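Please have the model open while reading.

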Amino acid sequence: MDFNIITLGCKVNQYESQLMSELLRQNGFIPSEDKNTADITIINTCTVTAVTDAKNRKILHKVRRNNPDGIVILTGCMPQAFPDRVSDFEGCDIVLGNKRRADLIEKINEFLIHRNQIISIETHDNKNAEYENISVNNFDGHTRAFVKIEDGCNRFCTYCIIPYSRGRVRSKTPEVLRKEIKKLALNGYKEIVLVGINLSAYGQGEDFDLADAVDIACEFDEIKRVRLGSFEPETMSENLIKRFSLQDKFCPHFHLSLQSGCNATLKRMRRQYNTEEYMQIVDNLRSNFDNASITTDVMVGFAGETDEEFNESLDFVKKVGFSKTHVFPYSQRKGTVADKMDNQIPSKIKDERSKIMIEATDNLRLEFLKSQVGRVEGVLVERLRNNEYYEGYTMNYTPVRIYCDEELTGEIVNVKIIKSDDDFCIGELI
């Protein structure tokens, strides 16, 4: 039987889809050449907003409509967060929560025998939570490998459903991590990206931390770069940043989640920092790393956000000078505190604020890319585009296009950046 996996959401989901793919292949299943006619289709869902839930359902209905005889498996954060919302499971043959991935093959075989819908969602045991010490051998279709080292979140921001879909913080042990990265190194990967649901909480309650994970990834000669995925500010101490800077392989790209540049809004969100603390982290990063790139997420139109608070957030974003920003309007999410807050912002105002914030952050992006012109940087080349140019990323995650007749895919090459454009730079080989 053949299979296809549709992945929505974050890098953690991408890692877990890779895990399921390897599990299927180890048990005799093969990737489908025609994704529309696969015997098995797995939809690995995200549930970060109500909008993503709607996208999950749309994809599910499309898969069932286009392939009525195929086996459809729904997994990921949506069924885990809302196990009683059975209407979401219509058209699904198997529904697995985030804790039941190891049962994938067993549940497929069970369904093949009985042909009855299977729903297997186990709630998180938050008092005795243990990390599912699983690992991958490859990362299909990527020149860099994502490695999940942490799961869960203890913060309970008022807008967020993730602690309910992922449970409490738990971490991959250093021993398991070292073995996994060794396999990836031997399989030819030059860059490792460490990812987690709340990455900066790695090692919480243990005798290791995120800097230890970076050190482990840097141990292997085959690994040339080590990068962090998105992380939260509250545990990013000056000492931790200093330890990162001691590793030459460490990439100075920091996706440091902000959400709002207004302290009053951050307090209503129940974020664990204020703008002064956030700015101190930014200053520490820039003082320890040459040419650091700091990217972020900014939410506009959160419940109760006044014009003054929005402008305060806008001014703070400009002050930081992010190299790239993902701007998005607040979306009410059932099951969260913020869903029931007073003074919900009308969609029209949220759209207006989004446009203003996006314009400002786009200008910051242009300024950052211009600042890279003239620099000599190593670029990990990812792919050839349109048989015209190669594209890849520098250590600080600046996207670079290289016009060249040589075969460069998967290589790290030195380029001089000669020009910047709207969302990329152009480099010439040295």
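## Basis of the description

Helices (H or I, at least four residues) and strands (E, at least two) are DSSP runs, numbered from the N terminus. By that rule, Asn387 lies in the loop between β14 (376-385) and β15 (389-393).

The model is predicted: local features need pLDDT of at least 70, side-chain atom pairs count only at pLDDT 80 or more, and totals for chains, interfaces and linings use all residues. Residues are numbered from 1 along each chain as its sequence is written, and side-chain values use heavy atoms, with hydrogens and water left out.

## The chain as a whole

The chain has twelve helices and 18 strands. Its C-alpha trace spans about 65 × 60 × 45 Å along the principal axes. The radius of gyration (over C-alpha atoms) is 22 Å, which agrees with the value near 22 Å for a compact globule of 430 residues. The globule rule used there is 2.2 Å times the number of residues to the power 0.38.

Of the 430 residues, 56% are buried. Buried means under 20% relative accessible area, exposed over 50%, and partly exposed in between (1.4 Å probe, protein chains only). The chain exposes about 19300 Å², and carbon and sulfur atoms supply 46% of that area; accessible areas come from the Shrake-Rupley method with a 1.4 Å probe, and for residues only the protein chains shown count as cover. Among contacts (heavy atoms within 4.5 Å) with a separation of 6 or more, 73% join residues 24 or more positions apart.

## The second largest pocket

A pocket is an open set of points on a 1 Å grid over the protein atoms alone, where a 1.4 Å probe fits, with protein on both sides within 12 Å along at least five of seven lines; lining residues have an atom within 4 Å of a point. The second largest pocket holds about 330 Å³ of space. Grid points are joined across faces, edges and corners, and the volume is the space filled by probe spheres set on the points.

Its lining has 15 residues, with Ile5, Ser17, Gln18, Ser21 and Asp140 nearest the centre. β1 (2-7) and α1 (11-26) each supply at least two of the lining residues. By class, the lining has four nonpolar, nine polar and two charged residues. Ala, Val, Leu, Ile, Met, Phe, Trp, Tyr, Cys and Pro count as nonpolar, Asp, Glu, Lys and Arg as charged, and the others, Gly among them, as polar.

## Two buried valines

Val136 is in the loop between β6 (118-120) and β7 (144-151). It counts as buried because its relative accessibility is 0%. Not counting residues up to four places away in sequence, Val136 touches Tyr15, Gln18, Leu19, Glu22, Glu180, Lys183 and Leu184.

Val95 is part of strand β5 (residues 94-96) and is also buried, at 0% relative accessibility. With the neighbours up to four places away left out, Val95 touches Leu74, Pro79, Phe89, Ile118, Ile119, Ser120 and Ile121.

## Two residues with positive phi

Most residues other than glycine have a negative phi. Gln259 has a positive phi, near 75 degrees. Gln259 sits in the loop between β11 (253-255) and α9 (263-269) and is buried, with a relative accessible area of 8%.

Asn387 also has a positive phi, near 55 degrees. At 72% relative accessibility, Asn387 counts as exposed.
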